[in-house]
Every structure is written in structure tokens, then in C-alpha cells.
Amino acid sequence: MSEEKFTNRLIDEKSPYLRMHAHNPVDWYPWGEEAFARATAEDLPIFLSIGYAACHWCHVMEKESFSDAEVAALLNRHFIAVKVDREERPDIDALYMIYAQALSANPGWPLTVVMTPDKKPFFATSYVPKYSKFGRKGLMDILPEIDRSWKERKETVIDSSERLHDAIETLMTGGVKGRLDEEAVHGAYHALKESFDPTFGGFGHAPKFPMPHTLLFLLRYWYRYGEDDALFMAEKTLDSIFFGGIHDHIGGGFHRYSTDREWLVPHFEKMLYDQALLLIAYTEAWQATKRPLYEEASVDIVAYMLRELRSEEGAFFAAEDADSEGGEGTYYLWTDMQFNHVLKTDAAHAKQIFNVRPEGNYLDETTKMYNGKNILFRTHPDLLQASKTLIAEQTVEYLAARLESARRKRIHPLVDTKILTDWNGLAVAALARAGAVMDRKGWVDDAATAYHFIATTLADTDGRLFHRYCDGEVAIPGMLEDYAFLLWGLLELYDATFEARYLDQAVTLADTTLVHFAGEDGSLYRTADDTDAFIRQRQAYDGAFPSGTSVLALCLLRLARMTANPAYESAATTAMEWYAKELQTSPTGYTHLLSALIFAAAPPLDAVIIPGATATDQDMIRALAEGYTPTMTTILLDRDAIIRHIAPHTADMTTGETEGTVVHLCTVGGCHTPLTSAEEVRTALRKKKEC
């Protein structure tokens with residue numbers, strides 16, 4: 001018999017985040033018509049709470065307020081309470097975050113919204129304590145005030161919500177196409193340079209997010225325009241992230257963001273999308289510089305993903321929680337005494353490496369005092385060189401392994417076991433890219449396994465995608481990000497394996513995406529044309545990860561070159577033109593879209609590999625993969641002629657005419673003298689970069 005005193009409707013949900021609230025005394029509804037029908041029938045406002053399983057402050061609000069009988073009594077009497085997992089429903093989260101940004105000075109998660117029964121908000125904020133304190137109002141004061149306003153001034157409240165709704169709808173669906181101009185690319189670069197932190201890397205002030213797509217933009221800017229400062233900014237940021245406390249030096253992987261300027265104090269949740277995008281960023285940085293640190297970082301991320309986030313089926317879970325044992329970061333923090341106990345005679349040396357102090361280096365969030373706990377971070381080798389205390393990497397690995405063995409005995413943070421199509425698309429792209437670039441076939445195989453699960457479990461017979469798999473259930477129609485990110489994964493899988501089926505499937509997926517997500521005016525919508533959406537949003541802003549519009553635009557441009565199908569280039573260009581104004585006025589918010597613009601504006605460079613009579617020269621393929629050529633596309637002719645069907649422009653190129661493999665590098669005006677060795681390929685690509 002269950003010992004739980006309360007059970008609400010969320011007990012039937014699959015989302016781990018929603019199930020966390022299933023035994024709250026709050027009479028929660030999942031998002032759905034049942035909740036809105038009751039709100040309409042009883043003339044009650046909706047109390048909407050949006051969060052996610054790895055969110056520390058979501059847990060605080062759940063324990064402090066949603067598990068509390070007094071708060072529950074107010075909510076149950078005067079509101080219809082609806083709980084949403086933002087990772088399950090990113091469309092709902094994105095829409096109401098726009099409302100929150102208009103209504104609140106500090107929107108964030110948990111996102112708290114109060115709205116009319118027809119889903120139009122009139123109040124929004126983020127975390128709310130139970131009681132008012134330190135100038136911040138609590139739920140015990142806010143809820144009665146909103147109830148009084150609803151009962152005594154309902155017409156005014158509704159009128160305000162209607163006007164805000166009309167403004168948001170115009171913002172989300174309006175706009176005017178404009179002319180794309182490379183000046184926007186330069187504008188973004190100069191704005192990033194202006195906000196760059198030369199001491200610690202990153203941009204702006206605390207909090208700092210890794211923003212890997214911005215670093216990818218800087219690497220492309222350096223490649224295209226030869227600005228060494230762009231490369232410096234990317235390297236400085238990647239270095240600082242790697243050595244900072246945002247990196248888990250014991251178990252691998254990276255936390256979501258840093259609360260301080262120095263990348264030392266993170267919020268401790270670990271998200272799949274951060275691992276995937278940082279893996280791509282470190283991989284491309286390695287291509288550009290060949291610095292061993294970036295290969296080390298890539299190995300670190302992959303090891304973490306495969307060990308902690310991979311499901312039995314080979315796909316990847318969404319996240320790991322920030323909290324364990326009732327506190328944030330408990331799993332990751334260390335005391336001086338714990339180091340002594342685990343490492344014995346090596347403890348003093350390890351404390352120097354990982355910056356452990358007896359008083360601690362982690363400020364208690366409540367008292368703002370050191371509490372004896374330490375976040376592990378490492379001093380940058382450049383500083384160590386100056387002090388003549390360089391430490392062998394093997395020593396770091398040895399000590400980290402011993403600490404990890406001890407840490408395994410702690411209570412592990414919750415793993416959010418949702419499998420999301422879009423985030424898995426990023427993981428597929430990252431593993432395939434890194435595996436191809438660093439010649440690690442196992443990573444490519446892992447990418448293929450994850451893709452196979454998504455393609456066979458989260459897609460129907462018509463090729464339409466679903467967004468979420470959890471506990472055996474597939475649900476929620478796929479959104480633009482699901483299609484775009486999985487398309488990215490397919491293109492990287494093709495580049496890593498040259499199996500024609502991946503390119504064939506990429507073409508099919510691109511066509512399906514354009515049919516269901518492109519409007520008659522060529523703009524891209526976040527939800528499909530045959531799904532029910534309160535507002536069908538159009539959005540290209542690159543936030544914590546790139547938008548579906550940005551990713552799809554770049555994928556379509558790549559496909560256009562690989563297949564010589566101008567329809568893909570036209571679709572990508574039109575979709576980007578809807579944001580021409582934003583690219584001029586707020587370019588740093590659209591860095592991945594600007595990476596697409598760099599690709600479109602750069603002189604085309606396409607490699608066609610023609611295999612020899614007996615086999616394909618793998619050294620030549622590695623030479624093409626290992627160099628940093630972000631505006632190049634590559635295809636391999638196959639003896640079954642599948643590629644000729646997908647890319648008819650290759651029909652005149654035949655396989656097996658020569659004993660050895662031949663590579664044609666094609667630019668504007670045609671293809672150059674065929675290359676017949678790996679060294680010739682490297683020399684030719686080096687000359688292209690110098691040009």
C-alpha cells in the first residue's frame with residue numbers, strides 16, 4: 001500500500017518532472033483540454049507552472065510550496081493548476097516565456113504564469129517563495145491578490161490580457177522579409193568582440209552560458225575572413241570552460257552554466273544538448289588548431305555521454321539533476337577531509353591541482369559564507385607554467401579516477417530518462433562529426449545506433465516524427481527542432497560513413513520538413529501545419545541552443561550543394577530573409593543563422609570522392625575530414641549508383657576507372673586537377689584556406 005497522502009493526475013504522466021509532482025496536495029492537471037474546459041466552466045484562472053527535472057529552483061519551489069497544504073488550498077480553491085515539462089513541450093515554454101518577458105523583469109525557471117481560461121496571461125514571474133521575504137512577494141500574498149483582481153476587476157484583467165496577447169501574436173507571426181547582407185555577419189563579430197571578457201573568456205557578465213553555437217560562429221568567421229581575434233575568443237572561452245568549475249573534472253561532462261564571471265560556480269544540472277554542442281565546438285576547435293586539449297575535452301564529453309546518459313536502446317537521456325540528497329551540487333562538492341580520506345598521501349598534491357581549500361571555495365547560497373565545501377576546478381596551464389608547477393595529465397587522470405570511484409558511493413542525481421528527438425539529433429551529429437574528424441569509428445557507430453532508435457521508434461510510416469519517448473511511450477508531435485536537428489545528425493552520419501542511405505534519408509526528411517513547417521510565404525514555423533497550436537510561432541533566435549530555423553537553414557544549404565538542387569538553397573534563403581532586420585539590429589542573438597549566412601556567402605568548395613577499382617583510400621578520406629573546412633561539402637560516389645540518383649550532377653563521374661581513389665575539388669567554374677593522394681588533398685585544402 002502506498003504511503004503517499006496525496007495523488008493527483010500527474011501520476012499517469014511519463015515525464016519524470018511531472019511525476020515529481022504527482023503526490024503534491026496541489027490538484028495538478030497536465031496541459032490539455034480537460035484543464036481548460038474546467039477553467040471555463042468554473043470561471044477560474046489558470047495557474048501554469050513550467051519547469052524541468054534537472055532544475056534546482058524547480059525543486060525548491062516544489063518542496064517549499066507545492067508540497068505545502070496552505071499553498072495547495074489556495075491554488076485548489078481559486079485556480080486550475082497546470083504543470084508543464086518545458087523539455088516535453090518546448091513550444092508551450094517558448095510561447096509563455098515571451099509573455100513572461102513582457103510581464104516580468106526576471107523571467108526564468110520555474111516559470112510561473114497566471115492566465116485566463118482561454119490561455120492568455122496577465123501575470124508572470126519565475127521562482128516564488130511561499131512567504132514574502134527580502135522584498136520578494138510570496139505565494140501566500142500573491143495568490144489572494146490575483147484572486148481578488150479576478151473577482152473584482154475581471155473586465156480590466158481580461159482586457160489587459162487580450163491586448164498583450166494581440167501584441168505577442170503579432171510579434172510571433174508577423175515580420176517583413178529583407179535583404180540578407182554579410183554586414184550582419186561583421187556586425188555580430190564586432191558586437192561579440194565588444195562584449196568579450198579577455199580575462200576569463202565568454203561574453204558579458206555573470207551568469208555565463210557556454211553558447212557553443214556562438215563559438216562555432218567565431219571559428220567560421222576566422223576561417224572566412226582571417227580575423228585571428230575571432231579564433232582567440234573561441235579558444236579562450238573553450239579553455240576557460242574546460243578548466244573551470246562548470247566542467248566536471250571527476251566524472252566528465254559540463255554543467256549547464258556558470259553563476260559567476262570566472263566559470264567556477266555552476267548550476268549543477270547537466271543537459272544532453274550542452275554535451276552535444278560542446279563536443280561539436282571542441283571538435284571544430286581541434287580541426288582548426290590541432291591542440292591536444294580539445295581532443296582531450298572531446299574524449300571527456302563522449303565518455304560522460306556514453307556512461308551516464310545512454311539508454312539501453314542506445315539513444316540518450318535528456319539530463320542529470322542539479323540536486324541530490326536534498327541539496328544542489330551535493331554529488332559534486334568535496335571537503336578537505338574527504339580528499340584526505342580518499343587520496344591519503346596524494347591528497348596535498350591533488351588539492352593543489354583541483355584548488356581545494358580547508359575553508360572551502362563554495363559560498364552557501366543562503367548565508368553567503370564559505371561552508372567547507374569545494375567545487376573542483378583547475379588552474380590554466382599557462383599560469384602553472386609561470387609558477388613552474390606543471391602537472392602531467394596522466395597524474396590528473398589517475399587522481400580523478402580515484403575520486404570518481406569514491407564519488408560513485410554517493411547518492412547519484414536523478415537522471416531524466418526522457419529521450420527527446422531534437423536533443424538526440426544533436427548527439428548524433430556531435431558523435432558522428434567527432435568520430436569522423438578524430439578517426440574514432442566507435443563514436444560513429446554510437447551515433448548510428450542512436451539514430452536508428454529515433455528513426456525506428458520516434459517516426460511513423462510516413463516519416464513524421466514524434467518529440468518524446470519515455471517509459472515505452474511515444475508522444476507529442478514533432479516540432480521544427482526535431483526535424484532540423486535530426487537532419488543535422490543525418491548529414492554528419494553521411495559525412496562520417498559515406499553510406500548513401502543516410503544522404504537519401506536526409507533528402508526525404510528535408511522534403512517532409514518543408515512540406516509541413518514552411519508557410520506559403522517561405523517562413524518556417526515551430527509547429528507543423530496539421531497540429532493544434534494556440535499561436536503558430538515563427539522564431540529563429542539562437543538561445544541556449546540554436547533554433548530550428550537556423551539549423552534547418554544551414555542543413556538545407558549543405559544539401560543544396562551536395563545534391564545540386566537549387567530548391568533547397570531557395571528555401572533556406574527565404575527562411576533567413578524573414579530575419580534580415582533582426583540580423584542587423586541584434587546579430588549576436590542569431591549566431592547560428594549567421595553561420596548559415598557565412599556558408600551561403602563563401603565561395604563554394606565541394607569534394608567528390610571517386611573510389612578506385614578495388615577499394616577507397618581511407619587516408620584520403622581522413623585528410624578531407626581532419627582539416628577545418630566548414631564551408632566544404634563532400635560526397636562519395638558509390639558503385640550502386642544511389643548517389644547519382646540523389647545528386648544527378650555526378651552522373652558523368654564514374655567509379656573504378658582508375659586503380660586508386662581520386663578526389664575532385666570543385667569550386668566556381670568547375671573542378672580542378674584530380675587529387676590522388678592524402679598529401680595532395682591536405683596541400684590543396686591548405687591553399688584554399690590561404691586564399
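Helix H19 spans residues 480–497, 18 residues in total, and runs 26 Å from first to last C-alpha, close to the 26 Å expected at 1.5 Å a residue. That expected span is 1.5 Å times one less than the residue count. This is a predicted model: local features need pLDDT of at least 70, side-chain atom pairs count only at pLDDT 80 or more, and totals for chains, interfaces and linings use all residues. Residues are numbered from 1 along each chain as its sequence is written, and side-chain values use heavy atoms, without hydrogens or water.

**Helix H19**
- Helices (H or I, at least four residues) and strands (E, at least two) are DSSP runs, numbered from the N terminus.
- H19 is mostly covered, with 15 of its 18 residues buried (under 20% relative accessible area, 1.4 Å probe, protein chains only).
- Phe498 follows H19 and has a positive phi, near 55 degrees.

**Nonpolar cores**
- A nonpolar core joins buried Ala, Val, Leu, Ile, Met, Phe, Trp, Tyr and Cys residues through side-chain atoms within 4.5 Å.
- The largest such core holds 178 residues, and Phe217 and Tyr282 touch the most other members.
- Beyond four places in sequence, Phe217 is in contact (heavy atoms within 4.5 Å) with residues including Val185, Tyr189, Leu192, Leu594 and Ile598.
- Another core, of 25 residues, lies apart from it; Val84, Tyr96, Ala124 and Ile168 are among them.

**Thr650**
- Thr650 sits in the loop between helix H26 (642–646) and strand E20 (662–667).
- Thr650 is buried, at 0% relative accessible area.
- Leaving aside neighbours within four places in sequence, Thr650 contacts Ile635, Leu637, Ile643 and Arg644.
- Thr650 and Val681 are 31 residues apart in sequence and 20 Å apart in space, C-alpha to C-alpha.

How values were computed: Buried means under 20% relative accessible area, exposed over 50%, partly exposed in between (1.4 Å probe, protein chains only).
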